Each structure stands twice: as structure tokens, then as C-alpha cells.
Amino acid sequence: MTKPEVHPVDQGLPAGRLALLGLQHMSIMYAGAVAVPLIVGSALKLDPATIGLLVNADLLVAGIATLIQSIGIGKLLGIRLPVVAGATFSVVNPMILIASQYGLPAVYGAMLASGVFGLLIARPFARLIRFFPPLVTGTLLLVIGVSLLGPGAGLIAGNDPTAPDYAALSHILLAFGVLALLVLFTRVLRGFANQIGPLLALAIGLVVAIPLGLVHWDGLGAAAWFGLASPFHFGAPTFPVAAVLSMCVVMLVTFTESTADMIAVGEITGRPPTDSDLARGLATDGFSAVLGGVMNSFPDTAFAQNVGLVRMTGVRSRWVVAVTGGILVLMGLVPKIGAFIAAIPQPVVGGVAVVMFAMVAAVGAQNLRTVEFSGNHNTFVVAVALGVGLLPAFAPKIFQHFPAWLQTIGGSSITVTAILAFVLNLLFNHLGRREEPDLLKEP
């Protein structure tokens with residue numbers, strides 16, 4: 001009797017391959033994962049030790065959420081796809097605003113409440129999956145990839161144009177050298193060596209950066225072997241209504257972003273998520289907010305750059321991502337390991353990251369290829385969603401005079417695009433007359 005064929009998503013791999021491929025996923029997402037606690041901590045003028053605790057808690061919660069997404073917990077949590085979880089950038093401005101008005105206990109109280117809200121609405125939200133056809137997901141993924149190129153450029157050139165080392169020649173050459181290695185490895189290497197091409201490029205870039213004086217090991221020596229903030233480090237949580245509502249909006253934004261990424265992973269791996277699968281994945285985002293509220297961390301979402309890595313390498317096993325989750329948990333508990341990874345110069349990471357970000361945009365373009373654009377308004381839907389959605393990416397303060405809750409929504413290209421693509425698809429393809437001529441159709 002022949003054994004049933006195991007789907008590539010469920011296939012186990014040899015331990016050595018699992019370790020290297022899991023490390024590769026972690027290397028790609030690390031900079032984005034720690035960016036949120038660093039930005040929030042700096043904006044709130046927290047001391048370095050406290051920011052370090054935030055980073056550790058962030059990595060720990062991201063690791064737990066990644067383990068849950070890949071392995072699953074019964075019928076409750078985890079989409080059981082190679083989904084890497086990390087802190088969502090949509091939480092940055094609301095957290096800073098809430099902390100400045102009500103204090104950090106309110107931040108984590110509001111996060112706790114939003115996590116419970118997320119757990120309650122995960123299943124109803126997942127039932128909307130039929131309203132996320134390739135027209136919506138393709139447009140959203142395209143914008144996610146394009147909007148991430150800004151942070152990618154920041155990794156390479158820096159984020160302060162007035163800094164003396166901004167766009168330094170050594171940084172640019174190093175990043176493009178890493179990118180050139182990635183192109184070479186992708187073209188020449190075969191099999192497993194090809195799959196770890198991004199990791200090889202990162203490793204060589206790190207070695208080259210050492211004599212250039214771009215690698216600093218000071219943080220490694222200062223980092224402790226064990227460190228973790230106690231639950232509710234900043235005091236008992238409080239629940240101001242305005243703060244809770246703001247964080248619930250963030251949860252809806254997180255769900256929208258995660259939905260697009262999870263659908264993309266499902267298409268790439270050949271296992272499209274069902275409503276139940278998606279509900280478990282979104283519930284994990286809600287659970288991460290509950291856990292983050294207790295452990296002084298941040299809500300997590302599916303990381304788009306890792307979606308790009310799955311696409312690029314073709315490695316579909318969820319057990320690879322489970323290893324990534326284990327590494328993140330270890331890094332959260334052992335700061336010295338995190339300090340070693342943090343020593344990798346940003347231009348080295350940026351050389352690989354920009355390709356991963358653009359790969360997400362490419363997946364979105366590929367989705368749009370399956371859309372019918374003749375005899376309908378789909379071209380118009382894409383044009384409006386792209387045109388308005390990308391405004392915050394090119395003019396980050398365009399909504400600065402709007403109310404704070406609206407800035408939370410309008411300040412993110414991903415959120416604006418998701419709302420517009422979703423609503424316009426409903427308007428033109430589900431409500432009223434649908435057989436209308438495409439206004440932008442070529443004669």
C-alpha cells in the first residue's frame with residue numbers, strides 16, 4: 001500500500017537544511033522586526049536598557065507567533081503555512097500618541113483590549129475572503145512591495161540625509177555588491193545551494209564589511225546572556241476609551257495586511273487558505289497583541305519580505321519557518337545572540353531586502369495578470385487604489401492635519417490601498433450594474 005503523498009508545505013527537511021533555511025528567514029526579517037521597538041523607544045525617550053528590553057520582548061513574541069502560525073494549535077490558532085510574524089509598523093504612530101497622552105500603561109492596556117477584539121472578529125473577518133479576489137490582493141501586494149522599498153533604501157543609504165555618512169559610497173557599493181552576489185548565486189547555483197543564496201550573500205557581505213570598519217561588536221560584549229522584562233513592566237494596564245479604539249483600528253489594519261500576505265503565501269505554496277485557515281491565522285495576530293500587552297511587546301502581522309523569500313527560493317515547508325520561530329524565541333531570551341545578528345551592517349541587509357520587497361510587488365503583479373480587465377471597471381479600480389494609496393509613501397505627512405484616528409488609517413499606504421481596493425471592488429463588481437465599459441479600455 002503506497003503512502004499518501006505529503007504536500008510540500010508539510011514536508012520535513014534534514015536538520016542541517018532546516019537550520020540554515022530558518023536562519024535565512026530570520027536574517028531577512030530581523031531588521032524590520034526590531035525597527036518598531038527602536039523607533040517607539042527612541043520617540044518616547046526611553047533609556048537604552050529599557051529599549052533593549054522592548055527588543056527582547058518583541059523578538060520573543062514574534063517567535064511565539066511564528067511558531068504558532070507554522071505549527072498551529074488545534075482548531076484555534078495558526079494558519080499552518082510558512083508565515084513569519086513580526087511587529088506591524090502600523091502600530092508605531094498610535095503607540096507614540098497614546099503614550100504621550102496617557103502613558104505606557106495605557107498603551108499596553110489598549111493593546112490587550114485590541115487583541116481580545118482581534119480574537120473575537122477573526123472568524124467573521126475571515127469570511128470576507130471572497131471579497132479579496134486577485135484584483136484586491138494583487139493591488140495590495142503591489143503596494144506593499146513598493147512601499148517597503150522606502151525602508152529598504154533607508155537600510156542602504158541611511159534615514160537621515162543630514163548625517164555625514166548618508167549614502168556613503170562604501171555603503172552603496174557594499175549593498176550593490178551583496179545584490180550582485182544574490183543575482184550570481186540565483187543564476188549559477190543549483191539545489192540547496194540556490195535556496196540559501198540570500199544567506200550566502202549576507203554572510204559574504206558581513207565578511208567584506210569587517211575590514212571596511214562597518215561591523216561593530218561593542219553591543220555583543222555589553223549584551224547579557226539572559227534578559228527579559230517582567231510582565232507589565234511599566235505598571236498595571238489602563239484602558240482609556242480613545243486609546244482602545246485607536247488600537248482596534250490598528251488591529252483591523254493588521255488583519256487586512258495579513259490577509260493579503262497569507263493569501264499570497266497560499267498561492268505560492270499551492271495551498272490556498274480556506275476561511276477556517278485564515279481565521280486561525282488572523283486569530284494568531286490577535287493573540288500576539290494580547291501576549292504583547294502582557295510582555296511589553298507589539299502586535300504582529302505576516303511579514304511581506306518573507307513572503308518574497310518563499311517565492312524566490314521555492315522552499316514551501318512550514319517547518320523551516322517553525323525553526324525561524326524557535327530562533328527568534330532564543331534571541332528574545334538570550335540578548336547576546338540578538339546583538340550578534342544586529343552587528344550585521346544595514347547596507348548588507350538592505351542589498352538582499354530590496355529584492356525581497358520587490359518580489360512581493362512582483363507577486364502582486366502576477367496576481368493582477370489573472371484579472372479580467374476588458375468590459376469592466378477593474379483598470380479604474382487599480383488606478384484609484386494605486387494612485388491614492390501610494391500618496392502616503394511619497395508624502396508621509398499628507399494627512400497630518402486630520403484627526404489622530406484618521407492619521408492612523410491614512411498614514412499607511414497599505415491601509416489606504418486595502419480600503420480603496422476592497423470598497424471599489426464591492427462598488428463596481430458586487431453592487432448594482434456590473435457590465436459597464438472600462439473607462440480606460442484601449443479602443
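1. Ala, Val, Leu, Ile, Met, Phe, Trp, Tyr, Cys and Pro count here as nonpolar, Asp, Glu, Lys and Arg as charged, and the others, Gly among them, as polar. On that scheme the lining of the largest cavity has five nonpolar, three polar and no charged residues. The lining residues are Pro 105, Tyr 108, Phe 232, Phe 234, Gly 235, Pro 237, Gly 293 and Asn 296.

2. This is a predicted model, in which local features need pLDDT of at least 70 and side-chain atom pairs count only at pLDDT 80 or more, while totals for chains, interfaces and linings use all residues. Residues are numbered from 1 along each chain as its sequence is written, and side-chain values use heavy atoms, with hydrogens and water left out.

3. About 210 Å³ of space lies in the second largest pocket. Twelve residues line this pocket, and the closest to its centre are Phe 125, Leu 252, Val 253, Thr 256 and Ile 419. Helices α10 (241-269) and α19 (413-429) each supply at least two lining residues (helices are DSSP runs of H or I, at least four residues, numbered from the N terminus). The lining divides into ten nonpolar, two polar and no charged residues. For both features, on a 1 Å grid over the protein atoms alone, a cavity is a set of points where a 1.4 Å probe fits but cannot get out, and a pocket is an open set with protein on both sides within 12 Å along at least five of seven lines; lining residues have an atom within 4 Å of a point. A volume is the space filled by probe spheres set on the points, which are joined across faces, edges and corners.

4. Helix α12 (residues 304-313) is largely enclosed by the rest of the structure, because nine of its ten residues are buried (under 20% relative accessible area; exposed is over 50%, partly exposed in between, with a 1.4 Å probe and protein chains only). Just after α12, Gly 314 takes a positive phi of about 75°.

5. Asp 10 forms a salt bridge with Arg 271 (2.5 Å, N to O), a pair 261 residues apart. Asp 10 also meets Arg 318 in a salt bridge (2.8 Å, N to O); Arg 318 lies in helix α13 (residues 318-333) and Asp 10 in the segment before α1, so parts 308 residues apart in sequence are tied together. The criterion is a side-chain nitrogen of Lys or Arg within 4 Å of a carboxyl oxygen of Asp or Glu. Arg 318 is buried at 11% relative accessible area, whereas Asp 10 is partly exposed at 25%.
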